[in-house]
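Hello,

Here is the structure I promised to pass on to you. My notes follow below it.

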Amino acid sequence: MKTITELIYAAFAVLILAIGAVTANGGPLATPRPRPTPAPRPTPPLTADVGSSYSNSKVPYSLDIGAILTTLGYPPNDPAPVAYGDFNRDGIPDVVFGDPVSTTGGPPLIALGQPGGFYINGTTQVISGEVPEPVNPRKILVADFNGDGWPDIFFVDFGLDAPPWTGSHGWLLLSDGTGHLVNQSALAGIDPVGNHHTATAGDIDHSGHIDIFVENQYPDPPSFHYFLINDGQGNFTVDTTRVPYSFNHSGSVPFWSSELIDVDYDGNLDLVIGGSEVPNSLPTEIFWGDGTGFYSDENKTVLPADAEWNLILDIDSEDINHDGLRDLVIYRTDGFYSGFYFQVLMQTSRRVFADESLPRLIHDRSTWIGNNARYINWIHLVDMTGDGAPDLVVDNASYQLGWANDGNGYFTFTGGWLKVIWTTPLVGGTFSPPAPGTYSYA
């Protein structure tokens with residue numbers, strides 16, 4: 001276990017707008033479109049989203065992950081599991097990674113943000129006692145699971161990605177309220193062993209407690225997707241009755257991405273899932289929440305598919321054109337994890353979606369920048385330019401990928417990044433609404 005405390009000057013980054021109009025593919029627009037400033041429209045309060053793992057993931061910057069890891073003594077990898085929060089409550093955002101070295105088991109890395117934008121390795125400083133060693137985590141959820149006002153961490157563990165697919169259980173670190181996280185080893189006897197590729201957390205039944213939905217693929221005998229229902233103290237029970245029948249009726253059908261988001265602004269968290277849009281797989285769909293915490297096939301919307309880019313790896317949802325309806329941007333790759341594609345689904349009326357990817361972002365599928373690129377891990381829809389419109393940001397700044405929203409939901413490719421310095425404390429230890437602390441650009 002590393003205990004080094006090197007400082008890092010690679011830190012927060014924000015989008016620089018490229019000079020002149022360009023398409024999402026990086027070339028100039030043949031005829032720039034007029035973009036009148038949209039009339040101000042009230043956006044419904046995101047009460048259902050507050051405290052969810054989705055809202056806590058919406059950091060208003062991007063990090064050069066490889067540079068951080070290199071300075072802290074690790075290889076310059078791009079680990080898929082990464083999440084954000086102020087784990088020592090000093091007002092400066094921190095970063096948690098799955099093991100940056102191994103995909104067969106190892107401790108996580110908690111990089112503590114420092115004044116001036118530096119980082120130190122704070123893993124053993126923050127984790128008190130036993131440091132867990134997830135086998136192959138695919139996603140990290142940050143939320144206040146025990147209700148003490150401090151951020152906690154849940155690792156979604158796939159287990160060994162090779163036969164015989166022995167799987168693993170989730171790993172839970174709960175805050176002790178003094179700036180430390182404590183491994184909850186008892187979860188190993190509660191959370192079913194399986195190949196877990198995705199999970200998402202939120203208050204699904206208005207209990208005031210953050211529950212967790214967990215996708216579960218294997219091993220035999222047939223496994224089932226499920227919810228971990230929280231008693232408010234971070235103690236969980238497994239519940240398979242709350243998931244739609246189509247998930248589990250003949251053993252679980254695997255999928256790769258999930259989020260709990262109030263997509264229709266009705267005050268209830270909706271379950272959005274996406275996997276492989278191939279025969280015998282589940283489509284990309286939204287199961288509409290009604291506040292009871294139960295989701296059904298009778299209350300869902302199937303979203304438009306894409307035959308070429310049919311593997312869904314991330315899902316974001318914001319009102320990108322300020323019309324009072326929350327839209328979707330779905331990150332896709334192909335079956336070989338080659339390239340990336342962003343599908344823009346506009347909510348044209350309540351719970352009705354239209355694929356407007358081409359006019360709003362892609363422009364020309366044959367010259368799309370993601371065609372000949374490596375796949376990425378995560379995207380965010382956050383305001384990076386200070387104009388109130390959510391921009392499209394790739395999580396890892398080293399890829400130099402970002403798209404600025406003009407306020408009407410049309411995106412322009414941008415490149416280059418600046419350092420950001422946190423100037424006032426991050427409120428509540430997470431990025432969940434209301435707006436957290438402020439920052440300045442160096």
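The second largest pocket holds about 570 Å³ of space. A pocket here is an open set of points on a 1 Å grid over the protein atoms alone, where a 1.4 Å probe fits, with protein on both sides within 12 Å along at least five of seven lines; its volume is the space filled by probe spheres set on the points. Its lining (residues with an atom within 4 Å of a point) has 27 residues, with Ala80, Pro81, Arg138, Tyr375 and Asn377 nearest the centre. Strand β8 (residues 137-143) gives the largest share, three residues.

Please keep in mind that this is a predicted model: local features need pLDDT of at least 70, side-chain atom pairs count only at pLDDT 80 or more, and totals for chains, interfaces and linings use all residues. Numbering starts from 1 along each chain as its sequence is written, and side-chain values use heavy atoms, without hydrogens and water.

Now the sheet. β3 pairs with β4 (residues 94-97) over four bridges, in the antiparallel sense, and Val82 stands opposite Phe97 in β4.

Best wishes

Methods
Pairing = 2+ DSSP bridges. Helix = DSSP H or I, 4+ residues; strand = E, 2+ residues; numbered from the N terminus.
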